[in-house]
Amino acid sequence: MLEITGYSNRLSVKTGETVDFKISSTSCEEYRADLVRIVSGDPNPEGPGLKLEPIPDASFQGSYPSRQQPIHLGSYGIVENVDRLKLASQRVVTIAIAVFPTMLGRTTQTLISNRDDENGCGFSLSIHGKRISALVGGTDAVPQVCEVATLEERRWYLAWLTIDRDRSELELGCHLLHAPGRPRSVTVSLPGEARLSSGQPLFLAASPAAPATSHFNGRLERPAIVKGPIGSANILTAWRDAPSNQTLACWDFAMGIATQEITDIGPQQCHGKLINLPVRGVTGASWSGHEMSWRHAPDEYAAIHFHEDSLYDCQWKTDFSFTVPADLKSGIYGARVRAGDEEDIIPFFVSPARGTPSNAVAVLLPTFTYAAYANHARGNADEAYMRWVGNWGAREANPDQHPEYGRSTYNVYRDGAGICFSSIRRPILTMRPGFLTFAGKAAGSGLRHFPADTHIVDWLEAKNIAYDIITDHDLHEAGVDLLRPYKAVLTGSHPEYHTAQTLDALQSYAERLGTLLYLGGNGFYWKIAVSDAVPDVIEVRRAEGGVRTWDCDPGEYYNMLDGEYGGLWRRNGRPPQTFAGIGFRAHGEFEGSYYRRTEASFAPEFAWMFEGVSGEVIGDFGLSGGGAAGFELDGVDARLGSPGNVTVLARSENHGCSYVVANEELLAYRKTVNGVPHDDLISADMTWLENPLGGSVFSAGSITFCGSLYHDRYENNISTIVGNVIARARQGLNKTKRKADHGNPHRGRYRRHLHRSCLFR
């Protein structure tokens, strides 16, 4: 673990509210904590540099005792009240469970267990290597081990264990489900009286311990405990028919799929809970392929996928808290903790109290996207990367070297399954000032996400433009009312992940309330789910189309958290073109090119935007890959809903050979969906859109765009254009249109038209 790091219980906090910080320090001495305002997170010596402004006399400022707070990876289920089953008095018990292993050949992986290894009591049904095994302790505390059946990965089996105390026998069986033939079993003698009750909870997919051990990788379904000997001839029927009058407990995973609760449909109601967010809404042993949504056929999705390396909540204790004072202006702040020569800065975002905006301009930070990429291990933190980081004094901690903090939704679990959840209840190494995603001269500053978005904040500060900070989390909660007071709302460089609530709010704002400046690329792309039942988590299902690092298995395109179809917003009938004017269409390496102005941009009606700009070429410079148009590019597409009155002001050109068209734009080889020649789609469109109801949208169409704001000490054509758009918005030049449309019986027609236009078939 890192010598010192931490996380907060929330990313966004308003004045008057409190944020808690949880710190782990391996130092033998006290660590120090103070508050800083983060203006720039770019450590590039040729850029603005790191700008951290100490805020004196913060309430938590001071020294604190160091303590190492542990992290326990691995998901499992736990049932605390198994004493209701009275296992100690049962003479014959059968434990059965369906098993779908995804990572065999390792050490023991526990399927179901209440065993206490210290006193030899209880039972354990496991996979040892590639074979089903059991462990039952006798009165003399001598364990009995029995193994049967060699398993294969990604196939469903029924495993069972019968403990017959009257005969002092143990029967262990395994059967490949949906295969012909009679289930196989072996029987061995027990040396003494088996004690079935251990005083431990019942664990699923791990062994009882603090912390849990022997985690299982794979899916489990319908664990059941039944009285009496079942026998191999009847075990399948008995397992499928549970509960019966012989059932002690049966946990039906088809119930409560959207939760972290597991339900016992047996008579004792021994319900349990899940730890570290295993994946539900996945196909089970009886999936037929006739239904693709778990909501329509929950019995076919009665499985839970467990992983040894999943993480939801570190469950660290709070070291200190901070109640935001009324006079602390909205902005990006960090709790800085230092132990010896080591330090960490834990960012958090201070927004105005609801309904009391401080300024006419707001920066909407894409915290859902920060969460999706949290701790993205790219495999590029090699010797050259670390040398570059060291030379710049950049943030050295990289997810490549620290899997203990959990991975991102761009990574996979150790068993190869894609990670569809991300939680903020853990240290997020990638969301730190000074963190480099890419290193090397060609990459420029090599920033993405949070540190890249400080380019916007630093530019606003340099231009003396007052602003408020708001976040995706705020917007999801408050809706369009959060945006209503602002004349201009600026996105981050990559606002990729959204809920329906955030999209609704942005679309409403852009249609009638103010000017939306979409200052990035590949925005409004993936649909995510959030839920109060599993707080501080986002879920993404990589369904069917889209540029992605893994894809969902068939039948698993519907979110666990809300039951809705996941994947691209485009495939949910809401392409970003419908309100932003443009949408993602091409991508390449982290290298930037430039825009060339179109003839339309020289029309008199756009003179205000290009005042102070000379020539046709725009943005042939920048800290992100060397140019304003790069990495991921958006463009106009009428077929996907770009309104007819959207104006392309500039289009990028001369992109490198690494650039390709996004796969959702292709039908076959180089044949594109919209019929535009393949190579013509490898460009970014800078656009302007005025909506009939008074709102407007400026779109940059490129992830690297904001990296050009600093060039020539903020005096350049990218800086000038963005400044002109904000100045126009602050003057309220759309207000007349909004008043003129007030009371118009046709209000809303435009929005309905956009909705219809995006329902392409």
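Student: Why is Phe631 called buried?

Tutor: Its relative accessible area is 10%, and buried means under 20% (1.4 Å probe, protein chains only), so Phe631 counts as buried. The model is predicted, so local features need pLDDT of at least 70, side-chain atom pairs count only at pLDDT 80 or more, and totals for chains, interfaces and linings use all residues. Residues are numbered from 1 along each chain as its sequence is written, and side-chain values use heavy atoms, with hydrogens and water left out.

Student: Why is Ser168 called partly exposed?

Tutor: Partly exposed lies between the buried limit and exposed, which is over 50%. Ser168 has a relative accessible area of 23%, so it falls in between. Ser168 also has a positive phi, near 55 degrees, and belongs to the loop between β13 (157–164) and β14 (169–176).

Student: How do you know that the peptide bond between Ala210 and Pro211 is cis?

Tutor: Omega is about 5 degrees for the cis bond joining Ala210 and Pro211. Most peptide bonds are trans. Pro211 is in the loop between β16 (202–204) and β17 (218–227).

Notes. Helices (H or I, at least four residues) and strands (E, at least two) are DSSP runs, numbered from the N terminus.
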